[in-house]
2 protein chains.
Amino acid sequence: MMKGKFSAFFEPDSVAIIGASYTPGKPGHEVIRNILANGYKGKLYLVNPKGRELLGLPVQPSIASLPEGIDLAIIILPAKETPQALRKCTEKGIKHFVLSAGGFAEVDEYGAQIQQELIDIIHKKKIRVLGPNTSGHTSTPHQFTSTFFPLGKIRRGKVSYIAQTGNFATHTMKYILTAEHFVVSRVIGLGNKIDIEESEALEYLADDPETSAIIMYLESIKRPRRFLEIARKVTRLKPVVMLKGGSTEAGKNAAVAHTAAMAAEDRIVDGMLRQAGIVRIWDYTHLILTGKALSMVPLPKGNRVSFLAPSGAMLVVLADLCIRLGLEIPELEPETLRRLQEISPPFIRMRNPVDIWAAASRGIEFGYREGMEAVLKDPNIDAVVPVLMLTKDIGVPPFEFIIELVKKFPEKPILITFSGDRQYMEECKEFVEPLGVPTFPEIEQPFEVLSILSRCVRAMNRPSL
Amino acid sequence: MMKGKFSAFFEPDSVAIIGASYTPGKPGHEVIRNILANGYKGKLYLVNPKGRELLGLPVQPSIASLPEGIDLAIIILPAKETPQALRKCTEKGIKHFVLSAGGFAEVDEYGAQIQQELIDIIHKKKIRVLGPNTSGHTSTPHQFTSTFFPLGKIRRGKVSYIAQTGNFATHTMKYILTAEHFVVSRVIGLGNKIDIEESEALEYLADDPETSAIIMYLESIKRPRRFLEIARKVTRLKPVVMLKGGSTEAGKNAAVAHTAAMAAEDRIVDGMLRQAGIVRIWDYTHLILTGKALSMVPLPKGNRVSFLAPSGAMLVVLADLCIRLGLEIPELEPETLRRLQEISPPFIRMRNPVDIWAAASRGIEFGYREGMEAVLKDPNIDAVVPVLMLTKDIGVPPFEFIIELVKKFPEKPILITFSGDRQYMEECKEFVEPLGVPTFPEIEQPFEVLSILSRCVRAMNRPSL
C-alpha cells in the first residue's frame with residue numbers, strides 16, 4: 001500500500017462536522033472547539049438542520065448543501081442516524097470518515113445490525129472509516145483533532161498512539177496534558193474497527209516521519225498475520241510498546257462488553273508479540289510513563305544503569321529492583337571511581353550504585369552534579385537515575401545543573417526521581433519537564449521505564465530470523 | 001520478657017541530649033526542635049560544654065552535672081566520642097540510649113573497633129541501646145521523637161514501623177508528612193543493631209496497644225529463630241508487612257556498604273517469612289502505600305473486589321491486573337445488578353467490574369454514589385475501588401458523598417483512584433484524605449495495596465501448623 005493514503009485523516013485540507021451542536025458540552029460542539037483550539041488551518045464545514053452560525057463559523061443546513069470534494073467528515077450523530085448520513089456524504093464525494101457515535105455491536109443486537117449496515121456501505125462505496133464508537137484521532141503536526149472530549153491545545157511531539165479505547169484520547173490525554181509535560185504526534189482511537197484497524201494504523205505510523213515511537217493499547221488483533229508482518233519491520237526502526245487488555249478471563253469478559261471484541265488466547269498473543277519485536281507491558285500507568293520517557297529522552301544504548309542516592313536503603317532496594325527488571329548495574333571505570341572518591345568522605349568506598357555522600361557533606365547541588373557527571377561520562381553506563389532528596393532544611397538546589405548535564409550528555413537518558421518534601425519535588429518537575437527532562441514521583445518508576453526502553457532497544461537490534 | 005521493658009524509649013519521663021548543638025541544621029540542634037515540635041511533656045536535659053541556653057532551655061556543661069535517674073539519653077556525638085559519653089551516662093544511672101552517630105562498622109575497621117567498644121560497655125553495664133547509626137525513633141502517643149532530621153509535628157496513628165535504614169525516619173517520613181495524609185504510631189530506626197534488633201522491636205510492637213499493624217524494612221535478620229517465633233504469634237493478631245532489602249546479589253552488595261550486614265540467602269528468607277505469616281512486598285513505594293492504607297481503612301474480609309469506571313478499557317486492564325494480583329472479581333447479587341441496571345442505559349448489561357455509565361448519563365456524583373453504594377451493600381464484595389474520572393468540562397462533584405459512604409460502610413475498605421485532570425485529583429485528595437479516605441494517583445496502586453491487605457488477612461487467618 002502506498003504512503004500517504006491516510007493523509008485525508010492526518011493532513012485534511014477540509015473537514016465536515018455532521019452533527020455540529022450549538023450546546024456546549026455536547027460532543028458535536030466540543031469537537032469544533034477542539035479543532036479551533038488546536039489551530040487547524042484547513043476549511044471547516046459544520047452541518048446542522050438549524051443552519052445559522054456556530055462558534056463564529058457558518059452552518060450548512062444539510063449534507064446536500066456541502067461543496068464537493070471535502071477530505072474528511074466527522075459524523076457525530078446517534079448510531080441509528082449514522083448510516084444515512086454516511087450515504088449522503090458519499091454522494092458529495094467524501095471518502096474518509098470518523099464515526100463518533102457508540103451504540104453499535106458493543107451494546108446490542110440492534111446496534112450490531114446498524115454496524116453491519118455501515119460495513120455494507122463501506123464495501124459498496126469504497127470509503128475509509130475510523131470507528132464507529134471512537135473518541136477520535138489527533139494529528140498535532142497538522143494541528144488537527146477529531147476528538148470530541150474537551151482537551152484544548154494538544155502539544156506536538158514525536159510519539160504516536162494507537163488505542164482500542166476511547167479512554168486514551170479522552171481522560172488519559174487530559175491527564176497527560178494537565179499532569180505531565182509530554183508531547184504527542186498522532187493519536188488513533190480505533191473504536192469498533194469496522195474498517196481501519198491496528199494493522200493499517202501501525203503501517204501508517206511505521207512510515208510516518210512525524211512518529212519516532214509507537215505505543216498501543218489493544219484488546220484484540222483483527223488480522224494477526226498482517227499485523228505481525230508489519231510489526232516485524234517497524235520494530236527494527238522504531239520502538240513499539242503494547243499494553244494488551246484482556247490477558248485474563250476476567251479481563252476478556254470486560255473486553256467483550258467494551259468493544260465487542262473477544263481477545264485471543266493470551267499465550268499465543270504473547271509469543272506473537274515477542275516474535276514481532278513488540279515490547280509488551282502490563283500496567284496502564286506504564287503506557288503513560290513510557291510515552292513520557294520516549295517523548296523526552298534518547299533511547300539508551302543498552303540496559304546498564306547507574307543511580308545515585310544519599311541513602312543506603314534506597315540503593316539496596318533499587319539494586320534489587322534493577323535485577324528483577326533485567327537492568328545491569330555495571331562496575332565503573334577506575335577514573336569514575338577516582339572522581340567519586342575525591343568528592344566523598346574517605347571512609348566510603350565508592351561503587352555503583354552511588355552513595356552520594358557529597359550531597360550531604362559538600363552541598364546537595366555539588367554532590368548530585370559532580371556525581372551525575374562522573375557516571376554520565378563512564379562508557380559502561382547507558383542511563384542515569386538520580387534520586388533527589390529534597391527538603392527545605394537540607395536545602396533545595398537550583399535545578400539548572402540538571403539541564404546542563406542533559407545538554408552535555410545528549411545521548412544518555414537521565415530520569416529523575418525523588419524522596420523528601422513533596423513541594424520541592426513538584427517545583428523540580430515544573431522546572432525540568434518543560435525543558436525535556438522527565439521526572440517520576442515513585443522511585444521504582446524510572447527503572448521500570450528504563451527496563452521497557454532497554455527491551456525496545458534489544459528488540460530493534462534483534463538478530464534476523 | 002515482660003511488657004513495658006521499652007517504656008524508657010517510648011514513654012520516657014526524662015530525656016538527655018548529649019551533644020545538644022546551638023547551630024540550626026546540625027543533628028544536635030534539630031533533634032531538640034523535633035522534640036519541642038511534637039509537644040513532648042517530659043523533662044528535657046541538654047548537654048554541651050558551652051552551657052548557657054538553647055531554644056529556651058538551660059544547657060548542662062557536662063554529663064556529670066545531670067541529675068540521677070534520667071530515663072533515656074540521646075547521644076549525638078562523633079563516633080569516636082560516643083563510647084566515653086556512654087560510659088559517663090551510665091555513671092549517672094542512665095540505662096537506655098539512642099546512639100545517633102554513624103561512622104562505625106558500616107564504614108571501616110576503625111569504626112568497627114569503636115562499635116566493639118560500645119558492645120563491651122553494653123554487656124558490662126547492662127544497658128539498652130538503639131543504634132548506633134540510627135536516625136532515631138518516634139512515639140507519637142507519647143509526643144516524643146529522637147529523630148534529628150527536621151520533621152516537625154508527626155501525626156499520631158496506629159501503624160508502626162521498624163526500619164533498618166535511616167531513610168525511613170527521615171526523607172520517607174518527610175514525604176509521608178508532606179505528600180500524604182496518614183498517621184503513624186511508633187517508628188524504630190534500628191541502625192547497626194548492636195543491641196536492640198528486629199526481634200525485640202517486633203515483640204514490643206506485638207504487645208503495644210498503640211500499634212494495630214507493623215511495617216518493616218530489613219536488610220538482615222540477626223536472630224532468625226527468635227524473630228520467627230515472635231513473628232508467628234503476632235501475625236495472627238496484627239498485619240505484619242516486610243520489604244526485605246538485599247534480595248539480589250547486587251542489592252546485597254549495596255547492603256554491605258549500608259549497614260554492615262550481609263543479607264541472608266533470599267530464598268531461605270522468603271520461606272521463613274511465609275511460614276511466619278509475614279507478608280513480603282517488593283517495592284519501597286508499597287511500603288508507603290500499605291502504611292497509608294492500613295492507617296486509614298479497615299482490613300478487608302477477603303480478596304473480593306468491585307471497581308467502577310466509566311471506561312471499558314480501564315475495566316479490562318484493571319480486571320487483568322486483579323487476576324495477576326490474586327484478587328477476585330466476584331459476580332454480584334441479583335439485587336445489586338438490579339440496582340445498577342436501574343441507573344444505567346438499558347443496552348448495558350451490568351456486571352462486576354462496573355461500567356458506571358450513570359456517571360456520564362445521570363451526573364458524575366449520582367453515578368458514583370449510587371454505583372458505589374450498590375456494590376458496597378453486596379455481601380460478595382470485600383472492598384471497593386472507584387476510578388474517579390475528573391475533568392472540569394464533565395463536572396467535578398462535591399466529594400462529601402464519598403465520606404458518607406465510608407461512614408455508612410465502615411467495615412469495607414474504599415480506596416480511591418483517578419483519571420483525568422490532575423487539579424481535581426489533588427482537590428479530591430486534599431478533601432477526603434484528612435477525613436481518612438486514602439487516594440492513589442496511579443490506577444494500579446489501590447489494587448496492589450488491596451492485594452497486600454488481603455494477603456495480611458489470609459496470614460492472620462491461616463490454619464495452625
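Predicted model: local features only at pLDDT ≥ 70, side-chain atom pairs only at ≥ 80, totals over all residues.
Me: In which helix of chain B does Thr82(B) lie?

Reply: Residues are numbered from 1 along each chain as its sequence is written, whereas chains are lettered from A and ligands numbered from 1 in the order in which they are written. Helices are DSSP runs of H or I with at least four residues, and strands are runs of E with at least two, numbered from the N terminus. In that numbering, Thr82(B) falls within residues 82-91 of chain B, which form helix 3.

Me: Is Thr82(B) buried or exposed?

Reply: Leaving aside neighbours within four places in sequence, Thr82(B) is in contact (heavy atoms within 4.5 Å) with Ile75(B), Leu77(B), Leu99(B), Ala101(B), Phe104(B) and Leu118(B). With a 1.4 Å probe and protein chains only, a residue under 20% relative accessible area is buried, one over 50% is exposed, and one in between is partly exposed. At 1% relative accessibility, Thr82(B) therefore counts as buried.

Me: What mean pLDDT does chain A have?

Reply: For the complex as a whole, the predictor gives an ipTM of 0.89 and a pTM of 0.92. In chain A, 97% of the residues reach a pLDDT of 70 or more, and the mean for that chain is 93.

Me: In which strand of chain A is the place of Ile215(A)?

Reply: Ile215(A) is buried at 1% relative accessibility, and, not counting residues up to four places away in sequence, it touches several residues, among them Val159(A), Tyr161(A), Val241(A), Leu287(A) and Leu294(A). Its C-alpha atom is separated by 9.5 Å from that of Val279(A), 64 residues apart along the chain. The place of Ile215(A) is within residues 213-218 of chain A, that is, strand 12.

Me: How far apart are the closest N and O atoms of Arg280(A) and Asp266(A)?

Reply: Arg280(A) lies in strand 14 (residues 279-281) and Asp266(A) in helix 9 (residues 266-275), both of chain A, so the pair ties together parts that are 14 residues apart in sequence. Both partners are buried, Arg280(A) with a relative accessible area of 4% and Asp266(A) with 15%. They form a salt bridge (a side-chain nitrogen of Lys or Arg within 4 Å of a carboxyl oxygen of Asp or Glu), and the closest N and O atoms are separated by 2.6 Å.

Me: In which helix of chain A do Glu365(A) and Arg369(A) both lie?

Reply: These two residues form a salt bridge with their closest N and O atoms 3.3 Å apart, and both belong to a network of salt bridges that also includes Glu335(A), Arg338(A), Arg339(A), Glu342(A) and Glu370(A). Glu365(A) is partly exposed, with a relative accessible area of 25%, and Arg369(A) is likewise partly exposed, at 26%. They are 4 residues apart, about one turn of the helix, and the element that holds them, residues 364-377 of chain A, is helix 14.

Me: On which side or sides of helix 16 of chain A do the buried residues lie?

Reply: The buried residues of this helix (residues 422-432) are Arg422(A), Tyr424(A), Met425(A), Cys428(A), Lys429(A) and Val432(A). Taking the directions from the helix axis to the C-beta atoms, they cover an arc of only 165°, which puts them on the same side.

Me: How much area do chain B and chain A bury between them?

Reply: In the interface, 66 residues of chain B are in contact with 65 residues of chain A. His171(B), Val316(B) and Arg422(B) supply 12% of the area that chain B buries against chain A, more than any other three residues. Buried area is the accessible area (1.4 Å probe) that two parts lose on being put together, summed over both; 60% of it is on carbon and sulfur atoms, and the total is about 5,100 Å².

Me: How many salt bridges are counted between chain B and chain A?

Reply: One of the pairs is Asp283(A) with Arg324(B), whose closest N and O atoms are 3.2 Å apart. Helix 11 (residues 312-325) of chain B gives the largest share of the side of chain B that touches chain A, 11 residues. The structure holds 61 salt bridges over all chains, and the count between chain B and chain A is 4.

Note on methods: Heavy atoms only, no water. pLDDT = per-residue confidence, 0-100.
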